[in-house]
Amino acid sequence: MFDSQPGGSERVYVFHGTDSTQVLGPEHLMARVRALLTAAGASPAPAPAPHPDIASRPFTAESLQHPGDAGPGARPREHSTVSELSVGLGAEQFWDRVEAGSWATWRDRWPGAAQGPLFPPSTPQWLSDAPRWELDPLAPALGPAASGGWVRSPAQAWDEPGPTSPPERSAETGHEHHRGVGLFQLTDLESFWVFASERDTPEIVARCESLAAAHPAFSWLTGYFDPRDVPGSLRLPAECLPVLHADLEAAGFAVDTWW
């Protein structure tokens, strides 16, 4: 099934909550996801998905007393470089509806008369290959924040190269090439989450630890671990976001933000 691929600088992130899925990426790709879901009878939500099973005040004692609130909600996000789409479907249901939408819209996406063999419609590769995370309310936390966070989806992301894989180096500039890093306020306004490849996460942790000397809020860095004892995400106070954003960009990371 024909489906043009996005450019190398366009990144998509998929997050599976308890009964919801969020997809973040360029607006034109989010429109394509929306079209697939709508064609399959699944209407995207009008506001970002809430995550009430995650502490909304992770760095205070209140996180032990109160469940999460309704989440960051629909509000202007002046510093965002990506668009967001939410739908009230868990992981299995989401991918089932995307597949159904691929069948329902194949005539719209076929570029013209077939000049060769036809293949069954399938999920666009740029979406199926996008990194995925799942929300685990019991994920152990290494750091001062409350437990429960995002870990990589065992259905897909566990197959990526480990953290010891050397970074690729650009033939044109000689600079190391890093995969995209997402800095997203998915669950609350007090904190934000850092999403990166397994390979890049140790370097980002080291950068956060070095920034703590000048910015004490970085001492609240917390990592969330999957059953392999590999950190799937990092969590920091919101005040660290612009500082980390600038530091990562200066180091050559491709940074995506939603805050």
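## Helix 2, end to end

The expected span of a helix is 1.5 Å times one less than its number of residues. Keep that in mind for helix 2 of this predicted model: with 14 residues, helix 2 reaches 20 Å from its first C-alpha to its last, close to the 20 Å expected at 1.5 Å a residue.

Which residues of helix 2 are buried? They are F94, W95, V98, G101 and S102. Looking down the axis of helix 2, you'd find these buried residues within an arc of 120 degrees, so they line one face of the helix.

## The overall picture

Stepping back, the protein has six helices and 13 strands. It runs to 259 residues, and buried ones make up 47% of them. Take the contacts between residues at least 6 apart in sequence, and 70% of those join residues at least 24 apart.

R132 belongs to strand 4 (residues 132-136). Its relative accessibility is 12%, so R132 counts as buried.

L29, M30, V33, L36 and L37 are the buried residues of helix 1. They take up an arc of only 115 degrees around the axis, which puts them on the same side of helix 1. Just after helix 1 comes G41, with a positive phi of about 85 degrees.

How do helix 1 and helix 2 (residues 91-104) pack, and at what angle? Their axes are 7 Å apart and the angle is about 90 degrees. Since 65 to 115 degrees counts as roughly perpendicular, helix 1 and helix 2 are therefore roughly perpendicular to each other. In terms of residues, helix 1 brings V33, L36, L37 and A39, which meet F94, R97, V98, G101, S102 and A104 of helix 2.

## Helix 5 and what covers it

Helix 5 (201-211) has T201, I204, C208 and L211 as its buried residues. Seen down the axis of helix 5, they fall within an arc of 80 degrees, so they line one face of the helix. The face turned away from that buried side carries E209 and S210, both exposed.

## Salt bridges

Side chains of opposite charge can pair when their charged atoms come close. With a cut-off of 4 Å between a side-chain nitrogen of Lys or Arg and a carboxyl oxygen of Asp or Glu, the count comes to eight salt bridges. One of them joins R235 and D188, at 2.7 Å from N to O. This pair links distant parts of the chain, 47 residues apart: R235 is in strand 12, while D188 is in the loop between strand 9 (180-184) and strand 10 (191-195). Both R235 and D188 are buried.

Then there's R228 with E198, whose closest N and O atoms are 2.8 Å apart. R228 lies in the loop between strand 11 and strand 12, and E198 in the loop between strand 10 and helix 5, so the pair ties together parts that are 30 residues apart in sequence. R228 is partly exposed, with a relative accessible area of 27%, whereas E198 is buried, at 6%. Salt bridges that share partners join E198, D226 and R228 into one network. Elsewhere in the list, the side chains of D200 and R199 meet in a salt bridge at 3.5 Å, N to O, and D200 and R199 are both buried.

Most residues other than glycine have a negative phi, and most peptide bonds are trans. D229 is worth a look here: it isn't a glycine, but its phi is positive, at about 65 degrees. Where is D229 placed? In the loop between strand 11 (222-225) and strand 12 (231-237). D229 has a relative accessible area of 58%, so it is exposed.

Notes: Residues are numbered from 1 along each chain as its sequence is written. Side-chain values use heavy atoms; hydrogens and water are left out. Buried means under 20% relative accessible area, exposed over 50%, partly exposed in between (1.4 Å probe, protein chains only). Helices (H or I, at least four residues) and strands (E, at least two) are DSSP runs, numbered from the N terminus. The arc is that of the directions from the helix axis to the C-beta atoms. Axes are lines fitted to C-alpha atoms, for helices over the stretch in contact, and angles run from 0 to 180 degrees between N-to-C directions. Angles under 35 degrees count as roughly parallel, over 145 as roughly antiparallel, 65 to 115 as roughly perpendicular and the rest as oblique. Contact means heavy atoms within 4.5 Å.
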